Amino acid sequence: MERSTAIIGLALILYIAAAPVHSEYYSKSKPAVHMEEKVTHLHFFLHDILSGKNPSAVMIARPNRTDDKSPTPFGSVFATDDPLRTGPEPTSEIIGNAQGLYLSSSQDVTQFTIVMYIDFAFTTGKFKGSSFGVFSRNPVVEPHREVAVVGGRGKFRLARGFVEVKTAHFNGTSGDAILEYNVTLFHY
Ligand SMILES: *[C@@H]1O[C@H](CO)[C@@H](O)[C@H](O)[C@H]1NC(C)=O
Ligand SMILES: *[C@@H]1O[C@H](CO)[C@@H](O)[C@H](O)[C@H]1NC(C)=O
Ligand SMILES: *[C@@H]1O[C@H](CO)[C@@H](O)[C@H](O)[C@H]1NC(C)=O
């Protein structure tokens, strides 16, 4: 870049930065307008893959101990970008993804439990661009279990609800899991 152009550019940035901003603190409350609530059911499979060259979940922190040989030792934290698919087959169509974190939260290895902090977004269909948030304990060893939905974005704004989860496939050596999700969402 020419020196003069750079100076003009810099002057412009400084000018914009210094432009007066009419900042003001707002606060206003009024009774909420009653809106009709909808209930939506969703069914899909979450593929949480730790093994292979392209894992969808990666360990990002773990405690400094060597006695726990599990792929998900107590205290370990995973980041996920898990595909949501129409079926349990690894080749079935992708309809969204689950991005966030989960923590291996039980000291008792026989009670393998995670706490999920994960946002489920849809990339196709009627709910494309919308997502709901799961912040919940998930007792993974229970064949049928439930996790809590605490909010949402887009079409799922103000969502609350729950997910019934069933393990379709679990490999205790690799930690790979395929989970069936039945979601019930109340939203506007
Ligand atoms: C991990 O634990 C070992 C044994 O307790 C200790 O010697 C080592 O300094 C620890 N490493 C870190 C990074 O804390
Ligand atoms: C989801 O609902 C379908 C239909 O009611 C049922 O067949 C299936 O077992 C349920 N799965 C879970 C994980 O609850
Ligand atoms: C479980 O994972 C291990 C390690 O990736 C692999 O060697 C084994 O074949 C897997 N077992 C099944 C039943 O998929």
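Because the model is predicted, local features need pLDDT of at least 70 and side-chain atom pairs count only at pLDDT 80 or more, while totals for chains, interfaces and linings use all residues. Residues are numbered from 1 along each chain as its sequence is written, chains are lettered from A and ligands numbered from 1 in the order in which they are written, and side-chain values use heavy atoms, with hydrogens and water left out.

The chain holds one helix and nine strands, where helices (H or I, at least four residues) and strands (E, at least two) are DSSP runs numbered from the N terminus. Reading from the N terminus, the order is α-β-β-β-β-β-β-β-β-β. Of the 188 residues, 36% count as buried; here buried means under 20% relative accessible area, exposed means over 50%, and partly exposed is in between (1.4 Å probe, protein chains only).

Now for the aromatics. A pair of rings is described by the distance of the centres and the angle of the planes. Rings of Phe, Tyr and Trp (its six-membered ring) pair if their centres lie within 6.5 Å, and planes under 30 degrees apart count as stacked, over 60 as edge-to-face and the rest as tilted. By this rule the count comes to eleven aromatic pairs. In one of them, F78 and Y102 have ring centres 5.2 Å apart and planes at 15 degrees, so the pair is stacked. F78 sits in strand 3 (residues 77-85) and Y102 in strand 4 (residues 94-104), so this pair ties together parts that are 24 residues apart in sequence. Both partners are tucked away: F78 is buried at a relative accessible area of 2%, and Y102 is buried at 5%.

The rings of F132 and F156 make another pair, with centres 6.2 Å apart and planes at 75 degrees, so this one is edge-to-face. F132 belongs to strand 6 (residues 131-138) and F156 to the loop between strand 7 (144-153) and strand 8 (160-170), so here too the pair ties together parts that are 24 residues apart in sequence. F132 and F156 are both buried. They also belong to one aromatic cluster, which is made up of F44, F120, F122, F127, F132, F156 and Y181.

On a 1 Å grid over the protein atoms alone, a cavity is a set of points where a 1.4 Å probe fits but cannot get out, whereas a pocket is an open set with protein on both sides within 12 Å along at least five of seven lines; lining residues have an atom within 4 Å of a point. Grid points are joined across faces, edges and corners, and a volume is the space filled by probe spheres set on the points. A search of the whole structure turns up one cavity of 30 Å³ or more. The volume of the largest cavity is about 180 Å³. It is lined by 17 residues, of which D48, Y102, I114, A177 and L179 are the closest to its centre. Strand 1 (38-48), strand 5 (114-122) and strand 9 (177-187) each give at least two residues to this lining. By class, the lining has twelve nonpolar, three polar and two charged residues, with Ala, Val, Leu, Ile, Met, Phe, Trp, Tyr, Cys and Pro counted as nonpolar, Asp, Glu, Lys and Arg as charged, and the others, Gly among them, as polar.

As for ligand 2, the residues around it are E164, K166, E180 and N182, each with a heavy atom within 4 Å of it. A polar side-chain atom of K166 lies 3.2 Å from an oxygen atom of ligand 2, and one of N182 lies 2.2 Å from an oxygen atom of the ligand. E180 places a polar side-chain atom 3.4 Å from a nitrogen atom of ligand 2. Polar contacts are pairs of N or O atoms within 3.5 Å; within protein, one must be able to donate a hydrogen and the other to accept it, and residues adjacent in sequence count only if both atoms are side-chain atoms.

L158, in the loop between strand 7 and strand 8, has a positive phi of about 65 degrees although it is not a glycine, and L158 is exposed at 57% relative accessibility. S130, in the loop between strand 5 and strand 6, is buried at 3%, and its side chain reaches the backbone nitrogen of K155 at 2.8 Å.
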